[in-house]
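Welcome, and thanks for taking a look. Please keep the model open beside the text as you read.

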Amino acid sequence: MSDKSPRTASDETPDRPRLAITVGDAAGVGPELSLACASLESVQNRCQPILIGPAEIVQHIAKNLSLPMPPVVSADRLDDLGDQPSVLVDVGDVSLDSFAPGHFSRQTGRASFRAVDLAIGETSRGTFD
């Protein structure tokens, strides 16, 4: 557990709230929707979208659909979020070799659970708003 207190308006952090967005099960439509939403200027003007999911799969989907890919940060380096327009936190060990869109698996389900668990924990700690 972290002893970090929630961020306040006086903290030296971006003015935009950090919004945790889990990408859902990587085999579903969540990654596409999350990437598209996080790339909208109107969204980025209101918050810093922090996507949470398996980076290798999300990068693959972004490339295939020509969607902008946010910088990737590992889950153990959340102090490196910076003031990027959006960020992807890499969680879940999903191999691109065994990945098939539309085919849900233990790997993709486990990654989805880890993303939700991280989002809840870090929001409670004040990392995300």
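The report below starts with the overall fold and then moves to helices and single residues.

## Ground rules

This is a predicted model, in which local features need pLDDT of at least 70 and side-chain atom pairs count only at pLDDT 80 or more, while totals for chains, interfaces and linings use all residues. Residues are numbered from 1 along each chain as its sequence is written, and side-chain values use heavy atoms, with hydrogens and water left out.

## The overall fold

The protein has four helices and four strands. These are DSSP runs numbered from the N terminus, with helices (H or I) of at least four residues and strands (E) of at least two. Along the sequence the order is β-α-α-β-α-β-β-α.

Of the 129 residues, 40% count as buried. Here buried means under 20% relative accessible area, exposed means over 50%, and partly exposed is in between (1.4 Å probe, protein chains only). Contact means heavy atoms within 4.5 Å. Among the contacts with a separation of 6 or more, 69% come from residues 24 or more positions apart.

## How H1 meets H3

Let's turn to a pair of helices. H1 covers residues 30–38 and H3 covers residues 55–65; they pack at an angle of about 70 degrees, with their axes 10 Å apart. The axes are lines fitted to C-alpha atoms, for helices over the stretch in contact, and angles run from 0 to 180 degrees between N-to-C directions. The two helices are therefore roughly perpendicular to each other. On this scale, angles under 35 degrees are roughly parallel, over 145 roughly antiparallel, 65 to 115 roughly perpendicular, and the rest oblique.

H1 passes H3 in a right-handed crossing. A crossing is right-handed if the near helix is turned clockwise from the far one by less than a right angle, and left-handed if anticlockwise. Which residues in H1 and H3 meet? From H1 come Pro 31, Glu 32 and Leu 35, and from H3 come Val 58, Ile 61, Ala 62 and Leu 65. By class, this contact has six nonpolar, no polar and one charged residues. Nonpolar covers Ala, Val, Leu, Ile, Met, Phe, Trp, Tyr, Cys and Pro; charged covers Asp, Glu, Lys and Arg; the others, Gly among them, are polar.

## The buried sides of the two helices

In H1, the buried residues are Pro 31, Ser 34, Leu 35 and Ala 38. They cover an arc of only 95 degrees around the axis, which puts them on the same side of H1. The arc is that of the directions from the helix axis to the C-beta atoms. The cover over these H1 residues includes strand E1 (18–22), H2, E2 and H3.

In H3, the buried residues are Ala 55, Ile 57, Val 58, Ile 61 and Ala 62. Their arc is only 165 degrees, so they sit on the same side of H3. They pack against H1, strand E2 (48–53), strand E3 (72–74) and strand E4 (87–90). Turned away from the buried side, the other face of H3 carries the exposed residues Lys 63 and Asn 64.

## A buried pair: Ala 38 and Ser 86

Ala 38 lies in H1 and is buried, with a relative accessible area of 2%. Leaving out residues up to four places away in sequence, Ala 38 touches Gln 44, Pro 49, Leu 51 and Ser 86.

Ser 86 is placed in the loop between E3 and E4. Is Ser 86 buried or exposed? Ser 86 counts as buried, at 8% relative accessibility.

Ser 66 follows H3 and is found in the loop between H3 and E3. Its phi is near 55 degrees, a positive value in a residue other than glycine. Most residues other than glycine have a negative phi. Ser 66 is exposed, with a relative accessible area of 66%.

Asn 45 is found in helix H2 (residues 41–46) and counts as exposed at 55% relative accessibility. The C-alpha atoms of Asn 45 and Arg 16 are separated by 7.4 Å, although the residues are 29 apart along the chain. His 103, in the loop between E4 and helix H4 (106–125), counts as exposed at 56% relative accessibility. His 103 and Gly 28 are 75 residues apart in sequence and 8.0 Å apart in space, C-alpha to C-alpha.
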